[in-house]
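The exercises below are meant to be worked with the sequence and the three-dimensional view side by side. Each task is followed by a solution in steps.

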Amino acid sequence: MTQYTKDFSLKPKHTWLNVASEGPLPKKANAALQEAIEWKSAVHLLTVPKFQQVPLELKKTIAALLHVDRDDVILGNSATYGLHLLANGLEFKAKDEIICLQNDFPTDILPWLSLVQKGVIVHQLKAQNHVLTPQEIEKAINPRTRLVCLPLIHSFTGFKQDIGAIGKLCRSRGILCVVNLSQAAGAFEIDLSQWEVDAAVCAGYKWLLGPYGTGFCWIKKETREQLNYPQNYWISLMDETSLTSEGPISLKDDHAARRYDVFGTANFFNFVPWQASINYLLELGLDNIDKHNRILVDKIVDGLDKDRFELISPCPKIERTNIVVFSYKDASQNSHLFEYLKEKGFYLALWKNKLRVSPHIYNTMQEMKGLLLAFDGYDAK
């Protein structure tokens, strides 16, 4: 098993197993950040071409990651950014319906709830088994359903949605399908061009190993043309000719993706290292990363003491993903176990009184063995 720890600056005896919340910068990204700091420190290096190229090159890299057209990529600061573009920009009428997953991460639900005051109905559907099946979606939709918003990987359980089938169903009924890739992009290969979805959003600081405050969305041209969102940022809308003119400024009717980029698009300290991180992952190969992570996940799932722990995530190997969620059988022990593991140098997540492990490319088999030994050494309070 190839070791990638050398590509990061993680500290010995501190095992980070919470990339589903926050990912560390690779050394290559750190070096890129130092270069960006140099641009701002010696400000004559901060040339006009850099303002133009930083966002363009980042979009190119994101497009390569997802196998989409660069011109459909919108730069944001989170997954929430793209969902707010859609919630505030699409035209919804009273009695229109939106479907979300009950017990999804709030990011995928909150932006739509502001539409309730317009009379829009937001259904938070409870899944029979953590995520919604195409059959459950089909049963819930009706002629008033306008949009379905779901995660590809469920943050709180690690279950995976069948977005291919759900997108196909939505397309056949004229319903917009939006997917959150935050717990997936950077962990395994994703080809958005193969799915019948209308928009995708993603945080950049988790599996994509970028700085906090990074993210993107991808919105199909036909869906962008439905947006009525007056976001007019000069770098996005004006070319060299209009910038050098002394005449009146006019507003173009432009639905290009760049119009909806987050303000301050040439955000060097965030976007330069983030692009370096994504390029690092692309160089390793997403299939290789997936293979690496699955070996670690299998070690955890197969090594859990079934007499002491309840596995929440899928058990069959074919259904396992990059996230493992479990609970001590006496759930009141979970918070104590979480603190105990932290003292032992293992950093997990504790969500809704369940423990979550999310290993990534920098983790090792030795660390997984150490985690299992720490479980064995825990003495219930």
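This is a predicted model: local features need pLDDT of at least 70, side-chain atom pairs count only at pLDDT 80 or more; totals for chains, interfaces and linings use all residues.

Residues are numbered from 1 along each chain as its sequence is written, and side-chain values use heavy atoms, with hydrogens and water left out.

**Exercise 1. The largest pocket**

Task: State the volume of the largest pocket, and describe the residues of its lining.

Solution. 

Step 1. Take the terms. On a 1 Å grid over the protein atoms alone, a pocket is an open set of points where a 1.4 Å probe fits, with protein on both sides within 12 Å along at least five of seven lines; lining residues have an atom within 4 Å of a point. Grid points are joined across faces, edges and corners, and a volume is the space filled by probe spheres set on the points.

Step 2. The volume of the largest pocket is about 690 Å³.

Step 3. Its lining consists of 23 residues, and Gln52, Ile235, Ser236, Met238 and Arg258 lie nearest the centre.

Step 4. Sort the lining by class: 11 residues are nonpolar, 4 polar and 8 charged. Here Ala, Val, Leu, Ile, Met, Phe, Trp, Tyr, Cys and Pro count as nonpolar, Asp, Glu, Lys and Arg as charged, and the others, Gly among them, as polar.

Step 5. Assign the lining to helices, which are DSSP runs (H or I, at least four residues), just as strands are runs of E of at least two, both numbered from the N terminus. Helices H2 (48–66), H8 (234–237) and H9 (240–244) each supply at least two lining residues. The largest share, 6 residues, comes from H2.

**Exercise 2. Aromatic pairs**

Task: Which geometry do the pair Phe271 and Trp274 and the pair Phe309 and Phe326 show?

Solution. 

Step 1. Rings of Phe, Tyr and Trp (its six-membered ring) pair if their centres lie within 6.5 Å; planes under 30 degrees apart count as stacked, over 60 as edge-to-face and the rest as tilted. The whole structure holds 18 aromatic pairs.

Step 2. Phe271 and Trp274 are 6.2 Å apart centre to centre with 40° between the planes, a tilted pair. They are separated by about one helical turn, because they stand 3 residues apart in helix H10 (residues 268–284). In general, an α-helix has 3.6 residues a turn, so residues three or four places apart point the same way.

Step 3. Phe271 and Trp274 are both buried, where buried means under 20% relative accessible area, exposed over 50% and partly exposed in between (1.4 Å probe, protein chains only).

Step 4. For Phe309 and Phe326, the ring centres are 5.7 Å apart and the planes lie at 85°, so this pair is edge-to-face. Phe309 belongs to strand E9 (residues 309–311) and Phe326 to strand E10 (residues 324–328), 17 residues apart.

Step 5. Phe309 has a relative accessible area of 3% and is therefore buried; Phe326, at 0%, is buried too. Ring pairs join Phe309 and Phe326 with Tyr328, Tyr340, Phe375 and Tyr378 in a cluster.

**Exercise 3. Helix H3**

Task: How many residues of helix H3 are buried, and which are they?

Solution. 

Step 1. Of the 11 residues of H3 (residues 79–89), 8 are buried, so the helix is largely enclosed by the rest of the structure.

Step 2. The buried residues are Ala79, Tyr81, Gly82, Leu83, Leu85, Leu86, Ala87 and Gly89.

Step 3. At the start of H3, a side-chain oxygen of Ser78 comes within 3.4 Å of the backbone nitrogen of Thr80.

**Exercise 4. Positive phi**

Task: Where do Lys13 and His130 lie, and what is the phi of each?

Solution. 

Step 1. Most residues other than glycine have a negative phi.

Step 2. Lys13, not a glycine, has a positive phi of about 65°. It lies in the segment before strand E1 (15–16) and, at 78% relative accessibility, counts as exposed.

Step 3. His130 has a positive phi near 75°. His130 is in the loop between strand E4 (121–125) and helix H5 (134–140), and its relative accessible area of 30% makes it partly exposed.

Technical notes
A polar contact is a pair of N or O atoms within 3.5 Å; within protein, one must be able to donate a hydrogen and the other to accept it, and residues adjacent in sequence count only if both atoms are side-chain atoms.
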